[in-house]
Amino acid sequence: MSNLLSKNGISISKQADLVFSIDPYTYQLTVSGNADRDTLSQIEKLLNEGDNAKNIWTHAWICMHDADNEIVNSQANMTKANQYSLWHEVYETTGYDARNAIYKNGTFIAEDGTDLLALFKEKSKNGAGYELYSKRWLQYAKNGWKKENDLVLKIGFDSSGLYDIGQEKGYGAAQNMWMKGVSQSMFEARV
């Protein structure tokens with residue numbers, strides 16, 4: 001990350017402590033922290049180019065899981081993960097944003113009047129996918145789309161590099177002391 005910033009003419013002080021927040025639907029990244037507004041804006045612009053923000057979101061998401069693929073970060077839980085996967089499945093299948101749909105008469109109606117459950121069933125590649133996601137939709141219908149369950153992920157950045165937020169055992173350069181107690185063989189690949 002430091003090389004990317006440097007390569008693009010962005011310098012931050014050794015005392016800089018930034019937080020990157022990434023929207024789980026648009027992968028739009030915002031930067032906050034103790035740098036001046038111009039620097040924060042330059043970093044945002046750079047990290048929102050191409051797939052940079054999506055790759056940072058994905059990196060943070062992967063780091064939030066242990067070896068058994070259990071979520072070990074206070075920023076995430078299965079409710080948020082399910083809401084995230086539901087939105088992406090519906091959007092990729094129908095082209096509609098499920099957050100804007102209204103639950104009415106056992107289905108979801110888009111702003112233009114389209115029955116999203118019917119469209120999803122029609123366009124779904126397999127019945128199992130339709131069953132899984134239509135059940136999730138109905139779970140969310142009870143209380144509507146909850147913004148607090150959006151899987152917005154945050155990851156920190158300082159002079160040592162990226163660091164994890166919200167977990168006991170982080171992977172950032174200054175967070176990895178816990179690894180010293182883990183057998184090195186765990187990290188060695190064997191064929």
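N69 is exposed in this predicted model, with a relative accessible area of 58%. To find N69 in the structure above, follow the chain to the loop between α3 (52-63) and α4. Its backbone deserves a look too: the phi of N69 is near 65°, a positive value in a residue other than glycine.

N105 has a positive phi of about 55°, although N105 is not a glycine. Where does N105 sit? N105 is found in the loop between β3 (102-104) and β4 (107-109). N105 is exposed, with a relative accessible area of 75%.

Helix α4 spans residues 78-94, and it packs with helix α5, residues 116-123. At what angle do α4 and α5 pack? The angle is about 70°, and the axes of the two helices are 9 Å apart. Angles of 65 to 115 degrees count as roughly perpendicular, so α4 is roughly perpendicular to α5.

Which residues meet where these two helices pack? On the α4 side they are E89, V90, T93 and T94, and on the α5 side they are L116, L119, F120 and K123. With V90, L116, L119 and F120 as the nonpolar members, T93 and T94 are the polar ones, while E89 and K123 carry the charged label.

Definitions and conventions
Residues are numbered from 1 along each chain as its sequence is written. This is a predicted model: local features need pLDDT of at least 70, side-chain atom pairs count only at pLDDT 80 or more; totals for chains, interfaces and linings use all residues. Side-chain values use heavy atoms; hydrogens and water are left out. Axes are lines fitted to C-alpha atoms, for helices over the stretch in contact, and angles run from 0 to 180 degrees between N-to-C directions. Helices (H or I, at least four residues) and strands (E, at least two) are DSSP runs, numbered from the N terminus. Angles under 35 degrees count as roughly parallel, over 145 as roughly antiparallel, 65 to 115 as roughly perpendicular and the rest as oblique. Contact means heavy atoms within 4.5 Å. Buried means under 20% relative accessible area, exposed over 50%, partly exposed in between (1.4 Å probe, protein chains only).
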